[in-house]
Amino acid sequence: MDDPSDMRATPRRVRFIPPTEMFILCHYTVSCLKEVPIKGSYEMRMDGKTAKLTVKLKMSERVRNNLEYCELQIPFHNRGVIGTYDATPSQGSVMVSPDRRILVWNVGQRFPSKSLSTSLDATVHFTDSKTPGAHEDAFCVGQNSYAKLFFKIPDFTHSGCQIDPKSVQVSPNVKFKLTTVQEYLTGMEYKIWNNLGDSLVSNVPHSVLAEVKES
């Protein structure tokens, strides 16, 4: 696979009449990324009502080390509420969500410049209180668990795609002010699964297995 940095830029011309309000001009996808922006390793081991965990994050050298925010959330399903915890982050701060179901690590806006790595060690103690509903997950039992990473990098695209302000033309020819904004924003599915989990795959429904056998 070719390195995107070695590929020449391919210009694309779009002609349109813009509305008066803010709008999205286009969407695009990239299929040749060699690595994710931030790699993560998550290890959690349950011992009764106590969880001992270690999280390690490493930023890619391709990513601009200037984040608007970076936050790691570790939800604890089917384990009750967090009673007490002892956390040692290499940077940032750690807190518990208001419902005491999620351990939240505010990593900060920059990773260490030399290593681009940061880590968190924590011990979490749970109470026996369990509330059915949103905090139950049939898969997240035993050692099975995950951490979710949220971050935003302003003025950056991991693909290198951008708009050249000098190429923008307005007709009729008038003076105008142009502002372009680009950002890298994660969604809800940036998950890091527990390396010590009891199962790394979910069970296949019997109906799906039956369809496969029939075909």
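**Entry 1: a threonine in a strand.** I am working from a predicted model, and I began with Thr-118, which sits in strand β7. Is Thr-118 buried or exposed? Its relative accessibility is 4%, and the cut-off for buried is under 20%, so Thr-118 counts as buried.

Next I looked for a polar partner. I found one in Ser-90: the side chains of Thr-118 and Ser-90 are joined by a polar contact of 2.6 Å. Leaving out residues up to four places away in sequence, I listed what Thr-118 touches: Val-55, Lys-56, Leu-57, Ser-90, Gln-91, Trp-105, Val-107 and Phe-111.

**Entry 2: the core.** I then turned to the largest nonpolar core, which has 35 residues. Which residues touch the most other members? They are Ile-38 and Leu-53. Strands that each supply at least two residues of this core include β1 (38-47), β3 (69-75), β7 (117-126) and β8 (146-154). The largest share, 5 residues, comes from β2.

Beyond four places in sequence, Leu-53 touches several residues, among them Tyr-42, Met-44, Ile-74, Phe-76, Leu-103, Leu-120 and Val-124. Glu-43 and Asp-121 are also on that list.

**Entry 3: the whole protein.** Stepping back, I counted 1 helix and 10 strands. The order from the N terminus is β-β-β-β-β-β-β-β-β-β-α. Of the 215 residues, 31% are buried. Among contacts between residues at least 6 apart in sequence, 76% join residues at least 24 apart. Last, I noted an accessible surface of about 15200 Å², with 53% belonging to carbon and sulfur atoms.

Note on methods
Residues are numbered from 1 along each chain as its sequence is written. This is a predicted model: local features need pLDDT of at least 70, side-chain atom pairs count only at pLDDT 80 or more; totals for chains, interfaces and linings use all residues. Side-chain values use heavy atoms; hydrogens and water are left out. A nonpolar core is a set of buried Ala, Val, Leu, Ile, Met, Phe, Trp, Tyr and Cys residues joined through side-chain atoms within 4.5 Å. Buried means under 20% relative accessible area, exposed over 50%, partly exposed in between (1.4 Å probe, protein chains only). Helices (H or I, at least four residues) and strands (E, at least two) are DSSP runs, numbered from the N terminus. Contact means heavy atoms within 4.5 Å. A polar contact is a pair of N or O atoms within 3.5 Å; within protein, one must be able to donate a hydrogen and the other to accept it, and residues adjacent in sequence count only if both atoms are side-chain atoms. Accessible areas come from the Shrake-Rupley method with a 1.4 Å probe; for residues, only the protein chains shown count as cover.
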